[in-house]
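Visitor: I would like to learn how to read charged pairs in a protein model. Could you take me through them slowly?

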Amino acid sequence: MSATNSQKLKYLSGLIASCQKCPLYQTATNPVPGDGNPEAKIVFIGEAPGFYEDEQGLPFVGNSGKLLDKLLASINLKRQDVFIANILKHRPPDNRNPEPAEIKVCTPFLKAQLQVIRPRVIITLGRFALNYFFPEALISQVRGQIKKITWQGIDSTFIPVYHPSAGLRNGSMLKSLQSDFITIGKFLDQK
Ligand code: URA
């Protein structure tokens, strides 16, 4: 009998918890592998754990997470319906930006998680997640656009949006996020 998605994701979480490929494990309190439905059709990908995520070992549980919950609720989704992960699995000190070397050694975990879940829809939150898939893309130019992709053999629909923390800082980015979630909701309704 082959392992379930849940078992495979737990195995990956174990590897993440013992990873020492970059120094971030030294300053982090907990790894934040990702959380949600192992059979999800939709995966959201953020940047890196912040203070509360590091404290709890769960993604998007701070202020950005509260906004993400509201955006999900606006299109009738709950966390249990989706899987939420990050580019980095350990918190960068003082919430600084991920460094290229950290992204390089950490993203094989995200890739492995996506290969387990094989989501039909990938939503990237912010530029670091967008640029993992499309290194040259500018978020201000492509946000809210629906793109069919085949990535690592996974046929998926890709929709990049601003990071919720940008929406918390800037009213016009919040409006963009709200309208891009309407786009996501309409797309899901058609399926
Ligand atoms: N910001 C992110 O990108 N990820 C989290 O998990 C929390 C805040």
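Guide: Let us begin with a term that we shall need for each partner: a residue is called buried when its relative accessible area is under 20%, exposed when that area is over 50%, and partly exposed in between. Please keep in mind that this is a predicted model.

Visitor: What is the general idea behind such pairs?

Guide: Side chains of opposite charge can pair when their charged atoms come close. In this model there are four salt bridges, and one of them joins the side chains of E102 and R96, with 2.6 Å from N to O.

Visitor: Are E102 and R96 buried or partly exposed?

Guide: E102 has a relative accessible area of 4%, so this residue is buried, whereas R96, at 28%, counts as partly exposed.

Visitor: Which parts of the chain does the pair of R143 and D180 link?

Guide: The side chains of R143 and D180 meet in a salt bridge at 2.7 Å, N to O, and the two residues belong to distant parts of the chain, 37 residues apart, with R143 in the loop between α7 and β5 and D180 in helix α9. R143 is partly exposed at 23%, while D180, at 3%, is buried.

Visitor: Where do D69 and R79 lie?

Guide: Their side chains form a salt bridge of 2.7 Å, N to O; D69 lies in helix α4 and R79 in the loop between α4 and β3, so the pair ties together parts that are ten residues apart in sequence. D69 is partly exposed at 33%, and R79 is partly exposed at 23%.

Notes:
Residues numbered from 1 in each chain as written. Predicted model: local features only at pLDDT ≥ 70, side-chain atom pairs only at ≥ 80, totals over all residues. Heavy atoms only, no water. Helix = DSSP H or I, 4+ residues; strand = E, 2+ residues; numbered from the N terminus. Buried < 20%, exposed > 50% of the residue type's maximum accessible area, 1.4 Å probe, protein only.
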